[in-house]
Amino acid sequence: MCGCFALLLGSAFPRLTLALIWLFSDIVERAFEGEWVLPLVGLLLLPYTTLAYVLVFWFTGYEPVAGFGWAFVVLGLFFDLGSYAAAGQNRRAAAYRSAA
C-alpha cells in the first residue's frame, strides 16, 4: 500500500486503513514484533494512535519508533481523544434536542 494513499485514507478511515495494512502486508506484525493482541486492541480503541505508530515504523525503514516519531504517535492519541470527546458532545446535544 502506497504511503501517501495510506495517509489519505487513514485521515478519514483509520480502522479501515489499519485493517488493510494488516491484511495485505507484514508491517503491523513487524511493528508489534509478532504480537496480535495489542494491534487488535489499538484497532478497536485507539485507531489513530495505532495507525500513527505503524506508519512511523514503516516510514523510518522498519526501525523502532524513537525521537521525533513519538510526536506523531502522540498526535494520533490526540486525534483519538478528540474524536471520543466530539462523539460524546454530539450525543449530549442530540439528547438535549430530543428532550426539548
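**Tour of the helix 5 and helix 6 pair**

Select residues 47–59, which form helix 5, and residues 69–99, which form helix 6; the two pack at an angle of about 160°, with their axes 7 Å apart. That angle makes helix 5 roughly antiparallel to helix 6, since the cut-off for this term is over 145 degrees. The model on screen is a predicted one. Turn the view to look at the crossing: helix 5 passes helix 6 in a right-handed sense.

Next, show the side chains where the two helices meet. On helix 5, select P47, Y48, T49, A52, Y53 and V56. Their partners on helix 6 are G69, W70, F72, V73, G76, L77, F79 and D80. Sorted by class, this contact holds ten nonpolar residues, three polar ones and one charged residue.

Finally, zoom out to the whole protein. Colour by secondary structure to see six helices and zero strands, in the order α-α-α-α-α-α along the sequence. The C-alpha trace spans about 55 × 30 × 25 Å along its principal axes. Of the 100 residues, 34% are buried. Among contacts with a separation of 6 or more, 54% join residues 24 or more positions apart.

Technical notes:
Residues are numbered from 1 along each chain as its sequence is written. This is a predicted model: local features need pLDDT of at least 70, side-chain atom pairs count only at pLDDT 80 or more; totals for chains, interfaces and linings use all residues. Side-chain values use heavy atoms; hydrogens and water are left out. Axes are lines fitted to C-alpha atoms, for helices over the stretch in contact, and angles run from 0 to 180 degrees between N-to-C directions. Helices (H or I, at least four residues) and strands (E, at least two) are DSSP runs, numbered from the N terminus. Angles under 35 degrees count as roughly parallel, over 145 as roughly antiparallel, 65 to 115 as roughly perpendicular and the rest as oblique. A crossing is left-handed if the near helix is turned anticlockwise from the far one by less than a right angle, and right-handed if clockwise. Contact means heavy atoms within 4.5 Å. Ala, Val, Leu, Ile, Met, Phe, Trp, Tyr, Cys and Pro count as nonpolar, Asp, Glu, Lys and Arg as charged, and the others, Gly among them, as polar. Buried means under 20% relative accessible area, exposed over 50%, partly exposed in between (1.4 Å probe, protein chains only).
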